[in-house]
Amino acid sequence: MYKLGVDLGGTKIEAILLDENLDVITRKRIPTPQNDYQQILDSITTLVLEISENIKNYSIGICTPGAISKQTGLIKNSNTQCLIGKSLKEDLEYKLGEKISMENDANCFAMAEAIMGAATDFDLVFGVILGTGVGGGIVINKKLHLGRTNISGEWGHHTLHRNGNRCYCGKYGCVETYISGPALENQWNKLTGESKSISKILPYIDSDIGKQWKNEFLENFGYGLANVIDILDPDAIVIGGGLSNIDFLYTEGKESVFNKVFSDLVDTPILKNQLGDSAGVFGASML
Ligand SMILES: [Zn+2]
């Protein structure tokens, strides 16, 4: 039985075909059509057909941005907004003529890192995405824990500051509005008037304003993950997404988390991902 995984991202769609030993047979990536649901469906279908040419027996897993409503089957809370309210799973099954499994990017990331990445030695793994959005997924003994309504792990929309920043989800003060890439860039803009990407901000974190920006980031990161540890007490936390390359998250960031956990014994490993950009597509193939 072969495993075919598709990662539908904001900028690229990637597909991969693995054999039964999880060795890669083929992989291919194309740009994501912007703001056009029909074109996204067509692109995924073409990619699946191309990559599975001459192969009969395979499962298909898809990694999507956003959560899938257990009640309606529709995509909700996606930052690729043309997917919101669409029945992506059903529409793709119709186009492909096959049953598929579908999970959000954070769940796929957590699966991939728990099964073949940074957290293979741990039973209860909390996978964190810190990038354009903030998400999370829980894997227990190499199986996804989805929860009663499919929203477990969604720490990005925990309220961090009750009268804080407005979030696209309709609430105020969500974790995502403070420690996602765009939120951190906005905060830099508020402090300095400059529009800079995270990688252009990082060289300035030793300046006075840079220190302020970094401290706020560390405080918000600390409270966000300390709340997760208080409730879940995972064996390991793995960080993925664009911001996972920021080294101070694993030193001062970890310290900030530990200082806020309700316990005198905190030693949760906070690990950098090993699979990088490929976690989504590998996780999808393991659904
Ligand atoms: Zn929110």
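Buried means under 20% relative accessible area, exposed over 50% and partly exposed in between, computed with a 1.4 Å probe on protein chains only. The model is predicted, with local features requiring pLDDT of at least 70 and side-chain atom pairs pLDDT 80 or more, while totals for chains, interfaces and linings use all residues. Residues are numbered from 1 along each chain as its sequence is written, and side-chain values use heavy atoms, without hydrogens and water.

**View A. Donors of the zinc ion.** His157 (ND1), Cys167 (SG), Cys169 (SG) and Cys174 (SG) are the protein donors, 2.0 to 2.4 Å from the zinc ion. Donors are N, O and S atoms within 2.8 Å of the metal (3.2 Å for Na, K and Ca); water is not among the atoms, so sites may look incomplete. The donor residues follow the spacing H-x9-C-x1-C-x4-C in sequence.

View B. His157 counts as buried because its relative accessibility is 13%. Cys174, at 0%, also counts as buried.

**View C. The largest pocket.** Its volume is about 920 Å³, the space filled by probe spheres set on grid points joined across faces, edges and corners. A pocket is an open set of points on a 1 Å grid over the protein atoms alone, where a 1.4 Å probe fits, with protein on both sides within 12 Å along at least five of seven lines; lining residues have an atom within 4 Å of a point. Of 37 lining residues, Asp105, Ile129, Gly131, Thr132 and Gly241 are the closest to the centre of the largest pocket.

**View D. The second largest pocket.** This pocket has a volume of about 360 Å³. Among its 20 lining residues, Glu176, Thr177, Pro182, Ala183 and Asn186 lie nearest the centre.
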